[in-house]
Amino acid sequence: MDAAKQKVHEFWDEASCGEHLYLSGSEKASYIEQRRIRYELEPYIIEFAGFKTACDLDVLEIGVGLGADHQRFAEAGARLHGIDLTQRAIDYTKKRLELFDLRSDLQIGDAEDLVFGNEAFDVVYSWGVLHHSPNTQKAIQEVHRVLRSGGVAKIMIYHKWSFVGFMLWARYALLGLRPFTSLRDIYARHLESPGTKAYSVEEARRLFQQFRSVDIRTVLTHGDLLSSQAGQRHNGLLLEVARKVYPRWLVKRLFPRNGLFMLITATK
């Protein structure tokens, strides 16, 4: 594993996404509560992922995290595979599926070098993962390779022109007296694992240019609206004050496309 990927691994191996925020109490009850909160905060996942349409399809999830979406695919009757860079995430998801008597082929894996053969899947799904990979373009090429003709990739990556990005820039560049710091550097240094990337819509289309058709939309998130905890890295008095005075109604009305999440549906 190269140095850049090792840093990503170490960050997520310390805590799977949302682990400290949402997992507590008895195991099964804790997973149920984490699932409830996930879809309450991010309700657009359900329509985007299309869990109900996955019955009898070969589905690969890249980056299973705590396993809430993986559970939904399993419940829908998908022939399911899942990979993650960390054993921690694999263990959480395996335990989750065992508790609910569900099945999947789960293993540690690298999105840039998938172990699966060509044209193995009808659907490849990945929510908020591939922008952490040092070579996101290579990961997307791998998604294209393992999809069958007519198969669909459902991928969420981060949107460059987001309020999350603007707020991080204000905090670390403007208030840090480094106003010429680029958004690229801000995302790489201050949003989740080291080297995290975010893309414009035009850049995302170039990433997915191998695909026959590509549909892209952006959504405002609870992070953009400061309506929840801001993730694993950010807290403090300044953030708490900002949550109280933040003009959410104005952001929703005037900037509905400046959300962090870019939802991409690409057909091979």
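Below are some notes on salt bridges, a pocket and a surface patch. Keep in mind that this is a predicted model. A search of the whole structure turns up 12 salt bridges, and the second largest pocket has a volume of about 300 Å³.

**Salt bridges around Lys5**
- Lys5 pairs with Asp110 in a salt bridge, with the closest N and O atoms 2.7 Å apart.
- Asp110 sits in the loop between strand 3 and strand 4 while Lys5 is in helix 1, so this pair ties together parts that are 105 residues apart in sequence.
- Glu112 also meets Lys5 in a salt bridge, at 3.0 Å from N to O.
- Lys5 counts as buried at 9% relative accessibility, and Glu112 is buried too, at 11%.
- Asp110 is partly exposed, at 24%.

**Other salt bridges**
- Glu33 forms a salt bridge with Arg36, and both lie in helix 3, about one turn of the helix apart.
- Glu33 is partly exposed at 31%, as is Arg36 at 42%.
- Asp58, Arg79, Asp122 and Arg148 are linked in a salt-bridge network.

**The second largest pocket**
- Of its 13 lining residues, Arg184, Thr196, Lys197, Ala198 and Tyr199 are the closest to the centre.
- Helix 9 gives the most to the lining, with five residues.
- By class, the lining has six charged, five nonpolar and two polar residues.

**A nonpolar patch**
- Trp249, Leu250, Leu254 and Phe255 make a nonpolar surface patch of about 430 Å².
- Trp249 belongs to helix 12 and counts as exposed, at 60% relative accessibility.

Key
Residues numbered from 1 in each chain as written. Predicted model: local features only at pLDDT ≥ 70, side-chain atom pairs only at ≥ 80, totals over all residues. Heavy atoms only, no water. Patch = residues over 30% accessible without salt bridge, like charges linked within 9 Å, V, L, I, M, F, W, Y side chains within 5 Å. Areas by Shrake-Rupley, 256 points an atom, 1.4 Å probe, with all protein chains shown as cover. Salt bridge = Lys/Arg side-chain N within 4 Å of Asp/Glu carboxyl O. Helix = DSSP H or I, 4+ residues; strand = E, 2+ residues; numbered from the N terminus. Buried < 20%, exposed > 50% of the residue type's maximum accessible area, 1.4 Å probe, protein only. 1 Å grid on protein atoms, 1.4 Å probe; cavity = no way out; pocket = protein on both sides within 12 Å on 5 of 7 lines; lining within 4 Å. Points joined across faces, edges and corners; volume = space filled by probe spheres on them. Nonpolar A, V, L, I, M, F, W, Y, C, P; charged D, E, K, R; others polar.
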